[in-house]
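Let's take a walk through this structure together, starting with the whole chain and ending at a single residue.

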Amino acid sequence: MKITLAQLNPTIGDIEGNAARIVAAARTAREHGAQLLVCPELSLTGYYPADMLEEPGFMARVEQGLETLRQASRQIRDLHWVVGAPMPAQGPGKRLHNTLLVLHAGEIVLRYAKQLLPTYNIFDERRHFEPGPDVAKVLRVGHTQVGLLICEDGWNDEGADYAVNPFQRMADAAPDVVVSINASPSNIGKREQRHQVFGNAARRHGLPILYVNQIGGHDQLVYDGASFAVEPEGGVVFEAQRFVEDVCTLRFEQGHFTAADGSALPAVSKAGLSTMAFYQAQIVLGLRDYARRCGFQRVVVGSSGGIDSALTLALAAQALGPDNVVGVTMPSRYSSSGSVDDSAVLCRHLGIALHTHPIKDLVQAYGTQFEASFGAPLQGLSAENLQARIRGTVLMAYSNRFGHLLLTTGNKSEISVGYCTLYGDTNGGLGLIGDLYKTEVFALSRHVNEAAGRELIPAAIIDKPPSAELAPDQRDTDSLPPYEVLDEVLKLLIEGERLAGWEYREALAFVDRLRATPDGSALIERVRGMIARNEYKRRQAPPIIRVRARAFGSGRQMPIAAKYV
């Protein structure tokens, strides 16, 4: 049997467009001589439609999309189509099922409803779906018995997290191969986790497994694709491309996967991408799809001459092309000449336009009027924040006037402890580096240069001590611990055991050593308090592209008005 994997990039809610993508994949499958086409989870609606599922007319549009697929499947009669769509649940008072459908010759010949509905981290499927019945669904295609599962159903084979084990039920049905359709967002370490979980299941039950994932950026989430085939003895024997749509065909015969022509498959690298290469690919795809789906062709970034804005500009230029990226430098009385010059060099290296909009006179005018109105001068923090808010206003004005998407430039370290100005440098529609700690910002900047084979981000920017430049001779270390210390504390306090194994052990060991120093425990508690006090800022910030297991946003839901111990 030949199986075509349709690793698609659907747009949430674009049912007509998604159906067209599925039909195009089916035509490719026919050209490849395939008998089975496999599309990702909720491929007709895109994952995850959330409360769109409750919008009037949405399910009627789903039915129209299914009718389009039924009609197309009548024309491609020798192919079984596996697609994902929300479907009405059976019985009184029921809502919807997250459903796998098999279409053949214009008819729906099999339905399977997802049993395990995740409600952790970024997932909230129980809000909209009912669990499916505890049954295994097996489809005969030619001489092959194909077992069918949906995403989370295959992640609980050891039975640790749910009362039921759909994979065990499937194994009891003794199919020849198991097909799992997925919408699995990526983060650092996720590829390896998938291979481990499904590799263990394949060995435990002696079953080959085909895992099909979607790709694309959807708000803060990015899906990397990386669909794969795993065998009980051989492990992962095939992997589709990462971060791109990929429609490819495999042959399955006598328990083994080969290329479509029957030749051996190339070996799959266990290592995959390096951490920094993964971050770069994830952020670039996340921005590219966010801008495209939201109708933006161009972006604007405030260019301070610092490392955060430099990396944001470099990633934006890669994602959208230099002609679609604009930098704006806004020097004040505290901006060093080096920072202004560094912005110019950076933008020249990247090939992007740079505009200069000084804010000295605006700051002075605000200060004069403030004192005249309220009888007290702006000074200290209020004067510093005013500069950031004027810059934010200038950038939003540019965005409004010229139609560019404004990108924020805050990193995870600063966002964690509130080292940012609400309605100032938090202004914007999307944050590219908000899930990168400051030390990772430096590491990724170096990687960007290495990958390009030349200096895109000037060494002067990478080497200079971080500073907001809102006061004379200001340095970040005036207000914060050194980032090498702060970041390890933040990793443990924010992500904890969700960190990758090696990273968790390193952070835990570092914090244990820190506690043993005279002021270490007090520093840790200070950081904990800063995280808690600044939840209100994070709640009002734009979405950030998720690259780590626990990101701010839907992955970390904390109250604002609470007592934190």
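The chain holds 16 helices and 20 strands, where helices (H or I, at least four residues) and strands (E, at least two) are DSSP runs, numbered from the N terminus. Its radius of gyration is 26 Å, close to the 24 Å from the globule rule for 565 residues, so the chain is as compact as a globular protein of that length. That radius is taken over C-alpha atoms, and the rule is 2.2 Å times the number of residues to the power 0.38. Along the principal axes, the C-alpha trace spans about 80 × 55 × 55 Å.

A word on what you are looking at: this is a predicted model, in which local features need pLDDT of at least 70 and side-chain atom pairs count only at pLDDT 80 or more, while totals for chains, interfaces and linings use all residues. Residues are numbered from 1 along each chain as its sequence is written, and side-chain values use heavy atoms, leaving out hydrogens and water.

How much of the chain is buried? Buried residues make up 56% of the 565, with buried meaning under 20% relative accessible area (1.4 Å probe, protein chains only). Of the contacts (heavy atoms within 4.5 Å) between residues at least 6 apart in sequence, 73% join residues at least 24 apart.

Now zoom in on N449, which sits in helix α11, residues 438-452. N449 counts as buried because its relative accessibility is 12%. Its side chain reaches the backbone nitrogen of I457 at 2.9 Å. Leaving aside residues up to four places away in sequence, N449 touches R454, E455, L456, I457 and I462.

Note on methods:
Buried means under 20% relative accessible area, exposed over 50%, partly exposed in between (1.4 Å probe, protein chains only). A polar contact is a pair of N or O atoms within 3.5 Å; within protein, one must be able to donate a hydrogen and the other to accept it, and residues adjacent in sequence count only if both atoms are side-chain atoms.
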